[in-house]
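Good morning, colleagues. May I ask you to turn to the model on the screen, which I shall describe part by part.

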Amino acid sequence: MSTPTRHTTPSVLFVCVHNAGRSQMAAGWLRHLAGNTVEVRSAGSAPADRVNPVAVEAMREVGIDITAEQPKLLDRDAAEASDVIVTMGCGDTCPVLPGTRYEDWKLTDPAGQPLSVVREVRDEIRQHVARLLADLAPDTSVDA
């Protein structure tokens, strides 16, 4: 896979429909694991009013606080400023931009799910994020 070339710090945009669960957990994981080595964004094609409280609780259990996050509407500027766009069930609403790397992660939507299911989604997202980080910043050591 190619290394981002537009920025000295690679940037990742996580996108799901409501920007309330999967994309927020992914952004939380990447911020936690990468520190300031990767610029992290998240957005949704139809943002919710707030981050899913069960996702907030699941992330709190692993020491990551996403309570201050707010769902944001996906816009072209955020997409254009990103080296990697990771979609999670947002369908065809993401703009296709030349030179941008795309990944689509097939993940269970945590909306309306019990904490036990959201924990599984959280842990699966961590594995995806660790693999992405290893590719973007090979000097960052993270166990998948």
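Ala130 has a relative accessibility of 3% and therefore counts as buried, a word used here for under 20% relative accessible area, with over 50% called exposed and the range in between partly exposed (1.4 Å probe, protein chains only). Ala130 belongs to helix α4. Its C-alpha lies 8.5 Å from that of Trp29, although 101 residues separate Ala130 and Trp29 in sequence.

Please keep in mind that this is a predicted model, in which local features need pLDDT of at least 70 and side-chain atom pairs count only at pLDDT 80 or more, while totals for chains, interfaces and linings use all residues. Residues are numbered from 1 along each chain as its sequence is written, and side-chain values use heavy atoms, with hydrogens and water left out.

Let me set out the chain as a whole. Its secondary structure consists of 4 helices and 4 strands, where helices (H or I, at least four residues) and strands (E, at least two) are DSSP runs numbered from the N terminus. Along the sequence, their order is β-α-β-α-α-β-β-α. Of the 144 residues in the chain, 48% are buried. Among contacts between residues at least 6 apart in sequence, 71% join residues at least 24 apart; contact means heavy atoms within 4.5 Å.

I turn now to the helix packing. How far apart are the axes of α1 and α4? Helix α1 (residues 22-34) and helix α4 (residues 115-136) have axes 9 Å apart and pack at an angle of about 50°. Axes are lines fitted to C-alpha atoms, for helices over the stretch in contact, and angles run from 0 to 180 degrees between N-to-C directions. The angle makes α1 oblique to α4; under 35 degrees counts as roughly parallel, over 145 as roughly antiparallel, 65 to 115 as roughly perpendicular, and the rest as oblique. On the α1 side, the residues of the contact include Trp29, Leu30 and Leu33, and on the α4 side they include Ile125, Val129 and Leu133. By class, the contact of α1 with α4 has 11 nonpolar, no polar and 3 charged residues. For these classes, Ala, Val, Leu, Ile, Met, Phe, Trp, Tyr, Cys and Pro count as nonpolar, Asp, Glu, Lys and Arg as charged, and the others, Gly among them, as polar.

Helix α4 also packs with helix α2 (residues 53-61), at an angle of about 60° and with the axes 9 Å apart. The two helices, α2 and α4, are therefore oblique to each other. From α2, Val54, Ala55, Glu57, Ala58, Met59 and Glu61 meet Leu115, Val118, Arg119 and Arg122 of α4. This contact of α2 with α4 comprises 6 nonpolar, no polar and 4 charged residues.

Finally, the strands. Val84 is in strand β3 (residues 84-87) and is buried, with a relative accessible area of 1%. Beyond its neighbours within four places in sequence, Val84 is in contact with Ser11, Val12, Leu13, Arg101, Leu132 and Leu136. Thr100 is 16 residues from Val84 in sequence, and their C-alpha atoms are 5.9 Å apart.

Glu103, in strand β4 (residues 101-104), counts as buried at 18% relative accessibility. The side chains of Glu103 and Trp105 are joined by a polar contact of 2.8 Å. A polar contact is a pair of N or O atoms within 3.5 Å; within protein, one must be able to donate a hydrogen and the other to accept it, and residues adjacent in sequence count only if both atoms are side-chain atoms.
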